[in-house]
2 protein chains.
Amino acid sequence: MEKITDLNIYKMLSDEIRLKILKMLSLKNMAVGEIVEETGMDQPLISHKLRELRENGLAASYRSGKNVIYSLSSESLKNVISVVEEAGNTVDYVCNCIECKEHDE
Amino acid sequence: MEKITDLNIYKMLSDEIRLKILKMLSLKNMAVGEIVEETGMDQPLISHKLRELRENGLAASYRSGKNVIYSLSSESLKNVISVVEEAGNTVDYVCNCIECKEHDE
DNA sequence: ATTACATATAAATAATTATTCATATGTAAA
DNA sequence: TTTACATATGAATAATTATTTATATGTAAT
């Protein structure tokens, strides 16, 4: 098992589908089928994304009958997600005010 | 100018060189030449990375004589960087304890 | 045991992103 | 006003990552 670096966390969060999955998992644990349904994406694609999240230590899973249930590996990820969302708003604000207007088309 | 989403922030942070640059800028403002020197990478490569950071609203720049000085666009990015670093440690810890050991080679 | 359901995997392809190389631009000094 | 220095850009290539397709595996119900 590799060391989990902040770089790896960012990489995992930098894909739209993986990010969506993580946000869903931050609300409740979910079976693969539910994730497939709620995202509307293909099952093998979701399975790949879940594997990446698992292998990079951001998600954990266990089997329950026919289903496999996924969860966030750590509560601290919820914190990451919300802090970055806030920062996104702040940066956006700063950018609109200071210099980005100059480059508008 | 595009809306800055949390996804874009993650994308910018998910490249080793860009992340290194952002961490450097979180300590002090720097001229391009200094960044090139301190990272040891090629000048055009750094210039490309800086452009990405600028265009995504994470960095700002101004000219000072022959030099161009870069800075973080927002203090809140420092917060993001440190929160994720912490989360990395936490996740790592959780993972080592709970389930990743099972998959060790 | 056979079938159906849920999930995982591997290999192939497609798409995106990073890096290099050559050169252009903009500023200041001689 | 030529030269040097600092940075930026564009086009070409290389490398990485995402997606699809086909199929395998594992569990449970009949």
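**Reading the surface near a DNA strand**

Student: How many nonpolar, polar and charged residues does the surface near DNA strand C have?

Tutor: That surface has eight nonpolar, eight polar and six charged residues, where a residue is near a strand if its C-beta atom, placed from the backbone, lies within 6 Å of it. Ala, Val, Leu, Ile, Met, Phe, Trp, Tyr, Cys and Pro count as nonpolar, Asp, Glu, Lys and Arg as charged, and the others, Gly among them, as polar. This is a predicted model, in which local features need pLDDT of at least 70 and side-chain atom pairs count only at pLDDT 80 or more, while totals for chains, interfaces and linings use all residues. Residues are numbered from 1 along each chain as its sequence is written, and chains are lettered from A and ligands numbered from 1 in the order in which they are written.

Student: Which residues come nearest to DNA strand C?

Tutor: Of the 22 residues around DNA strand C, the nearest are A:Gly33, A:Pro44, A:Ser47, A:Asn67 and B:Pro44.

Student: Which element gives the largest share of that surface?

Tutor: Helices (H or I, at least four residues) and strands (E, at least two) are DSSP runs, numbered from the N terminus. Here α4(A) supplies the largest share, six residues, while α3 (32-39) and β3 (67-72) of chain A and α4 of chain B are among the elements that each supply at least two.
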